[in-house]
Amino acid sequence: MYDVCGEKELKVILALDPGDSISGVARKVDENRETIRRVVNRIEEAGYVAYDDGLQLVDQTIRDAGLEFLTVSADISPPSISEAYVLPQFAGMDYAFTAIDAVYVWTRGGYQVARDPADYPLFIAVHESDLNAWTEFFDRFGIPTSEERQPAEDVDGAIQVILEPWSQIDAEMIDGRPVIPLQETVAFANEYYATFESALDMLGRMYDDVDTDASYRMEPA
(Lines give C-alpha, C1' and ligand atoms only; values in the text may rest on other atoms or scores of the structure.)
Protein backbone atom coordinates (compact mmCIF):
# COMPACT_ATOMS: atom_id res chain seq x y z
CA MET A 1 0.00 0.00 0.00
CA TYR A 2 2.89 2.38 0.76
CA ASP A 3 5.25 1.49 -2.07
CA VAL A 4 3.87 4.06 -4.55
CA CYS A 5 3.71 7.07 -2.24
CA GLY A 6 7.01 8.71 -3.11
CA GLU A 7 7.82 12.22 -4.31
CA LYS A 8 7.87 11.41 -8.03
CA GLU A 9 4.67 9.40 -7.85
CA LEU A 10 2.94 12.36 -6.23
CA LYS A 11 4.29 14.72 -8.89
CA VAL A 12 2.93 12.53 -11.68
CA ILE A 13 -0.50 12.21 -10.08
CA LEU A 14 -0.75 15.97 -9.53
CA ALA A 15 0.58 17.06 -12.92
CA LEU A 16 -1.24 14.54 -15.10
CA ASP A 17 -3.92 15.84 -17.45
CA PRO A 18 -6.17 13.39 -19.32
CA GLY A 19 -4.45 12.17 -22.47
CA ASP A 20 -0.92 13.11 -21.40
CA SER A 21 2.00 11.02 -22.61
CA ILE A 22 4.84 9.88 -20.39
CA SER A 23 7.16 12.35 -22.14
CA GLY A 24 4.67 15.15 -21.60
CA VAL A 25 4.40 14.48 -17.88
CA ALA A 26 8.19 14.20 -17.56
CA ARG A 27 8.62 17.65 -19.12
CA LYS A 28 5.94 19.13 -16.87
CA VAL A 29 7.62 17.99 -13.68
CA ASP A 30 11.17 18.50 -15.00
CA GLU A 31 12.20 14.88 -14.63
CA ASN A 32 13.94 12.33 -16.83
CA ARG A 33 11.55 10.48 -19.17
CA GLU A 34 12.85 7.04 -18.24
CA THR A 35 12.41 7.83 -14.55
CA ILE A 36 8.81 8.90 -15.12
CA ARG A 37 8.16 5.84 -17.28
CA ARG A 38 9.10 3.62 -14.33
CA VAL A 39 6.98 5.73 -12.00
CA VAL A 40 3.97 5.48 -14.32
CA ASN A 41 4.41 1.72 -14.56
CA ARG A 42 4.35 1.46 -10.78
CA ILE A 43 1.26 3.60 -10.24
CA GLU A 44 -0.49 1.91 -13.16
CA GLU A 45 0.14 -1.46 -11.56
CA ALA A 46 -1.17 -0.08 -8.26
CA GLY A 47 -4.35 1.07 -10.01
CA TYR A 48 -3.92 4.85 -9.81
CA VAL A 49 -3.62 5.52 -13.55
CA ALA A 50 -4.61 3.75 -16.76
CA TYR A 51 -3.84 4.06 -20.46
CA ASP A 52 -6.93 5.10 -22.43
CA ASP A 53 -5.99 7.30 -25.38
CA GLY A 54 -3.14 8.58 -23.21
CA LEU A 55 -2.73 8.54 -19.45
CA GLN A 56 -5.78 8.97 -17.24
CA LEU A 57 -6.27 9.14 -13.49
CA VAL A 58 -8.54 6.31 -12.38
CA ASP A 59 -9.95 8.31 -9.45
CA GLN A 60 -9.76 12.10 -9.19
CA THR A 61 -9.97 11.99 -5.39
CA ILE A 62 -6.41 10.65 -5.19
CA ARG A 63 -5.22 13.86 -6.87
CA ASP A 64 -7.20 16.00 -4.42
CA ALA A 65 -5.69 14.08 -1.50
CA GLY A 66 -2.20 14.46 -2.98
CA LEU A 67 -2.60 18.22 -3.31
CA GLU A 68 -3.79 18.47 0.28
CA PHE A 69 -0.74 16.50 1.44
CA LEU A 70 1.53 18.80 -0.57
CA THR A 71 0.07 21.95 0.96
CA VAL A 72 0.52 20.57 4.47
CA SER A 73 4.13 19.68 3.62
CA ALA A 74 4.74 23.26 2.44
CA ASP A 75 4.24 24.48 6.01
CA ILE A 76 7.27 22.43 7.02
CA SER A 77 9.37 22.78 3.88
CA PRO A 78 8.40 25.82 1.75
CA PRO A 79 8.70 25.47 -2.05
CA SER A 80 12.08 26.22 -3.59
CA ILE A 81 12.39 28.39 -6.69
CA SER A 82 12.62 25.36 -8.97
CA GLU A 83 9.59 23.81 -7.26
CA ALA A 84 7.65 27.07 -7.65
CA TYR A 85 8.01 26.75 -11.44
CA VAL A 86 6.37 23.32 -11.28
CA LEU A 87 3.60 24.17 -8.82
CA PRO A 88 1.23 25.81 -11.35
CA GLN A 89 1.03 22.45 -13.16
CA PHE A 90 -0.87 21.16 -10.13
CA ALA A 91 -3.55 23.89 -10.08
CA GLY A 92 -5.81 22.41 -12.76
CA MET A 93 -6.23 25.82 -14.44
CA ASP A 94 -4.88 27.28 -17.68
CA TYR A 95 -1.93 29.63 -17.45
CA ALA A 96 1.18 30.73 -19.32
CA PHE A 97 4.51 32.14 -18.25
CA THR A 98 4.85 35.71 -19.40
CA ALA A 99 7.14 38.77 -19.19
CA ILE A 100 10.61 37.88 -17.83
CA ASP A 101 9.67 34.24 -17.48
CA ALA A 102 8.47 34.03 -21.08
CA VAL A 103 11.96 35.07 -22.17
CA TYR A 104 13.43 32.52 -19.76
CA VAL A 105 11.25 29.71 -21.14
CA TRP A 106 11.66 30.54 -24.83
CA THR A 107 15.45 30.69 -24.46
CA ARG A 108 15.16 27.30 -22.72
CA GLY A 109 16.78 28.71 -19.63
CA GLY A 110 19.59 30.27 -21.62
CA TYR A 111 18.75 33.83 -20.62
CA GLN A 112 17.89 34.68 -17.05
CA VAL A 113 17.75 38.36 -16.21
CA ALA A 114 19.37 38.97 -12.85
CA ARG A 115 16.97 37.92 -10.10
CA ASP A 116 18.13 37.67 -6.54
CA PRO A 117 17.33 34.24 -5.02
CA ALA A 118 16.20 36.21 -1.96
CA ASP A 119 13.79 38.29 -4.09
CA TYR A 120 12.42 36.12 -6.87
CA PRO A 121 9.21 37.07 -8.74
CA LEU A 122 7.48 34.68 -11.16
CA PHE A 123 5.28 36.14 -13.90
CA ILE A 124 2.20 34.18 -14.95
CA ALA A 125 -0.69 35.05 -17.26
CA VAL A 126 -4.02 33.66 -16.04
CA HIS A 127 -7.66 33.92 -17.07
CA GLU A 128 -9.38 36.91 -15.51
CA SER A 129 -12.10 34.63 -14.18
CA ASP A 130 -9.50 32.47 -12.40
CA LEU A 131 -7.64 35.29 -10.65
CA ASN A 132 -9.08 34.65 -7.19
CA ALA A 133 -8.65 30.89 -7.56
CA TRP A 134 -4.97 31.36 -8.40
CA THR A 135 -4.49 33.61 -5.40
CA GLU A 136 -6.06 30.95 -3.20
CA PHE A 137 -3.94 28.22 -4.80
CA PHE A 138 -0.62 29.92 -4.14
CA ASP A 139 -1.76 31.01 -0.69
CA ARG A 140 -2.00 27.31 0.20
CA PHE A 141 1.77 27.13 -0.31
CA GLY A 142 2.53 30.38 1.50
CA ILE A 143 3.43 32.19 -1.75
CA PRO A 144 2.11 35.77 -1.98
CA THR A 145 0.51 36.97 -5.21
CA SER A 146 -0.31 40.36 -6.68
CA GLU A 147 -0.91 41.97 -10.04
CA GLU A 148 2.23 44.10 -9.72
CA ARG A 149 5.66 43.26 -8.40
CA GLN A 150 6.00 44.09 -4.72
CA PRO A 151 9.15 45.36 -2.98
CA ALA A 152 11.11 42.55 -1.35
CA GLU A 153 10.66 44.07 2.10
CA ASP A 154 6.87 43.84 1.69
CA VAL A 155 6.91 40.12 0.88
CA ASP A 156 7.19 37.19 3.27
CA GLY A 157 9.75 34.80 1.81
CA ALA A 158 11.84 34.96 -1.33
CA ILE A 159 9.18 34.04 -3.91
CA GLN A 160 6.25 36.09 -5.11
CA VAL A 161 3.96 35.45 -8.07
CA ILE A 162 2.77 38.27 -10.29
CA LEU A 163 -0.56 37.25 -11.83
CA GLU A 164 -1.45 38.99 -15.08
CA PRO A 165 -5.21 38.64 -15.75
CA TRP A 166 -5.85 38.01 -19.46
CA SER A 167 -9.20 37.62 -21.20
CA GLN A 168 -7.71 34.90 -23.41
CA ILE A 169 -4.54 32.84 -23.15
CA ASP A 170 -2.98 31.31 -26.25
CA ALA A 171 -0.20 29.29 -24.69
CA GLU A 172 2.49 27.28 -26.44
CA MET A 173 4.36 24.43 -24.77
CA ILE A 174 8.13 24.65 -24.48
CA ASP A 175 9.83 21.86 -22.53
CA GLY A 176 6.56 21.12 -20.78
CA ARG A 177 5.95 24.71 -19.70
CA PRO A 178 3.06 26.78 -21.10
CA VAL A 179 4.27 30.16 -22.27
CA ILE A 180 2.88 33.10 -24.21
CA PRO A 181 3.61 32.99 -27.98
CA LEU A 182 7.10 33.73 -29.24
CA GLN A 183 6.19 36.96 -31.02
CA GLU A 184 4.52 38.34 -27.89
CA THR A 185 7.66 37.44 -25.95
CA VAL A 186 9.82 39.23 -28.52
CA ALA A 187 7.57 42.30 -28.30
CA PHE A 188 8.01 42.35 -24.52
CA ALA A 189 11.78 41.99 -24.82
CA ASN A 190 11.87 44.77 -27.39
CA GLU A 191 9.91 47.07 -25.07
CA TYR A 192 12.77 46.70 -22.57
CA TYR A 193 15.54 46.46 -25.14
CA ALA A 194 18.35 47.58 -22.85
CA THR A 195 17.66 44.65 -20.53
CA PHE A 196 16.91 42.02 -23.16
CA GLU A 197 19.24 42.91 -26.06
CA SER A 198 21.27 39.73 -25.61
CA ALA A 199 18.07 37.70 -25.17
CA LEU A 200 16.76 38.99 -28.50
CA ASP A 201 20.01 37.98 -30.14
CA MET A 202 19.71 34.54 -28.58
CA LEU A 203 16.09 34.16 -29.72
CA GLY A 204 17.09 35.23 -33.23
CA ARG A 205 19.65 32.44 -33.37
CA MET A 206 17.25 29.86 -31.94
CA TYR A 207 14.16 30.58 -34.06
CA ASP A 208 13.99 31.38 -37.76
CA ASP A 209 10.89 33.56 -37.50
CA VAL A 210 12.42 36.05 -35.05
CA ASP A 211 13.94 39.16 -36.58
CA THR A 212 16.38 40.84 -34.23
CA ASP A 213 17.85 43.54 -36.45
CA ALA A 214 18.18 47.19 -35.44
CA SER A 215 14.46 47.80 -36.00
CA TYR A 216 13.87 46.26 -32.58
CA ARG A 217 15.59 49.14 -30.87
CA MET A 218 13.26 51.53 -29.10
CA GLU A 219 12.75 54.78 -30.97
CA PRO A 220 13.81 57.89 -29.02
CA ALA A 221 10.94 59.73 -27.34
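Biologist: Is Gln89 buried or exposed?

Modeller: Happy to look, bearing in mind that this is a predicted model. Gln89 sits in the loop between helix 5 and strand 3 (95-97). Its relative accessible area is 9%, and the cut-off for buried is under 20%. Gln89 is therefore buried.

Biologist: Which residue has its backbone oxygen 2.8 Å from a polar atom of the Gln89 side chain?

Modeller: Gln89 touches residues from elsewhere in the sequence, among them Leu14, Lys28, Arg63, Tyr95 and Arg177. Gly176 is on that contact list too. The backbone oxygen lying 2.8 Å from a polar atom of the Gln89 side chain belongs to Gly176.

Biologist: Thanks! How many residues of strand 4 are buried?

Modeller: Let's take the strand one face at a time. On one side Tyr120, Leu122, Ile124 and Val126 are buried. On the other, Pro121, Phe123, Ala125 and His127 are buried as well. For strand 4 (residues 120-127), the count is eight of eight.

Biologist: What is the bridge partner of Ile124 in strand 6?

Modeller: Strand 4 has neighbours to consider here. It runs antiparallel to strand 3, joined by three bridges, with Ala125 as the partner of Ala96. With strand 6 (residues 159-166), strand 4 pairs in the parallel sense over eight bridges. There, the partner of Ile124 is Leu163.

Biologist: And how many residues of the largest pocket's lining are nonpolar?

Modeller: The largest pocket holds about 500 Å³ of space and is lined by 20 residues, with Glu7, Lys11, Leu70, Glu83 and Phe90 nearest its centre. Helix 1 (7-15), helix 4 (60-76) and helix 5 (81-86) each supply at least two lining residues. Five of the lining residues are charged and three polar, while the nonpolar ones number twelve.

Notes. Residues are numbered from 1 along each chain as its sequence is written. This is a predicted model: local features need pLDDT of at least 70, side-chain atom pairs count only at pLDDT 80 or more; totals for chains, interfaces and linings use all residues. Side-chain values use heavy atoms; hydrogens and water are left out. On a 1 Å grid over the protein atoms alone, a cavity is a set of points where a 1.4 Å probe fits but cannot get out, and a pocket is an open set with protein on both sides within 12 Å along at least five of seven lines; lining residues have an atom within 4 Å of a point. Grid points are joined across faces, edges and corners, and a volume is the space filled by probe spheres set on the points. Helices (H or I, at least four residues) and strands (E, at least two) are DSSP runs, numbered from the N terminus. Ala, Val, Leu, Ile, Met, Phe, Trp, Tyr, Cys and Pro count as nonpolar, Asp, Glu, Lys and Arg as charged, and the others, Gly among them, as polar. Buried means under 20% relative accessible area, exposed over 50%, partly exposed in between (1.4 Å probe, protein chains only). A polar contact is a pair of N or O atoms within 3.5 Å; within protein, one must be able to donate a hydrogen and the other to accept it, and residues adjacent in sequence count only if both atoms are side-chain atoms. Contact means heavy atoms within 4.5 Å. Two strands pair if DSSP finds at least two bridges between them. Lists of a residue's contacts leave out its neighbours within four places in sequence.
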